[in-house]
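I opened this notebook to record what I looked up, entry by entry.

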Amino acid sequence: MIDSHCHLDHEPLFSDLSNVLKRSKDVGIKKLLTISTSFESFSRIKDIVNKDEIIYGTVGIHPHESDTNTITKNEIVKSLKENPKIIGIGETGLDYYYNNSDKEKQITSFKTHIEAAIECDVPIIVHSRNAEDDTFKILNEYKKHNPKILMHCFTGSKKFSEKLLTLNSYFSASGIITFKNSVDLQETFRSLPIDKILIETDSPYLAPVPNRGKKNEPSFIDFTANKLSKIKEISKLELVDKTTDNFNRLFF
């Protein structure tokens, strides 16, 4: 089992990392991908990835941080080349729900990350909230370059997922699929090809049922895997095998 998106540099995970890792391994997690959100975040991640062989990381600026954290393509490329355990770019993308950063700065940052991902031939981890049209439009501009796209914590519409499949995108299911009000999202994941699905926690956020409301951690991915196996009408073992293979095919 692989948690394809967590934030080990965020509290309370960061200060309890040894116990978080133990609980992760106890439920069968083989890899953790800890995701960068800012320059400060990446500075911690460069250290965290060396704490255990199962931890890998990414470099990137979250759309919420794009007003105050401006990164260049060369900086991203350099960070990847210098750190063999940094295997992806992001999270980046567009968030028009909170609009914590200027829309144009979000778009510029998003494009910078995409171009770096294409140059380095590594996956780009995409955050998209209330921005389906612009997210697809921008990604589609780069279609001829065949970017490796992972839609993190996918909560978009079925129509959006169908458009993204034309770009060969992957989709990561979070604990949100366990929520009672996520019927439409469950139907979307039921319709997605199993070879395009990953699982994640986005910990310490979005804890799945039965731990909703608590601080999330990678070991809780077990609940998401259980729910997704029921949605896909396959055994949990098959679900874990498929999503693990998908992660390894995308990132390695």
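Which residues form one aromatic cluster? I looked this up in what is a predicted model, and I found that the cluster is formed by Tyr56, Phe247, Phe251 and Phe252.

I then turned to the aromatic pairs, of which the structure holds eight. With Phe252, Phe247 forms a tilted pair, for which I wrote down 6.3 Å centre to centre and 55° between the planes.

Next I looked at charges over rings. I found Arg129 over the face of Tyr97, at 3.7 Å from the ring centre, and the charged end of Lys196 over the ring of Tyr170, 4.3 Å from its centre.

My last entry concerns the sheet, which I recorded as open, with eight strands in the order β1-β2-β3-β4-β5-β6-β7-β8 and parallel pairing. Its edge strands are β1 (2-6) and β8 (197-199), each of which pairs on one side only, and I noted an average twist of 30° from one strand to the next. Between β1 and β2 (residues 31-34) I found three bridges, and I saw that Ile2 has Lys31 in β2 as its bridge partner. Helix α8 (residues 221-232) packs on the sheet and touches β1, β7 (170-173) and β8, its direction making about 150° with that of β8.

Definitions and conventions:
Residues numbered from 1 in each chain as written. Predicted model: local features only at pLDDT ≥ 70, side-chain atom pairs only at ≥ 80, totals over all residues. Heavy atoms only, no water. Pairing = 2+ DSSP bridges. Helix = DSSP H or I, 4+ residues; strand = E, 2+ residues; numbered from the N terminus. Axes fitted to C-alpha atoms, helices over the stretch in contact; angles between N-to-C directions. Contact = heavy atoms within 4.5 Å. Phe/Tyr/Trp six-rings, centres within 6.5 Å; stacked < 30°, edge-to-face > 60°. Lys NZ or Arg CZ within 6 Å of the ring centre and 35° of its normal.
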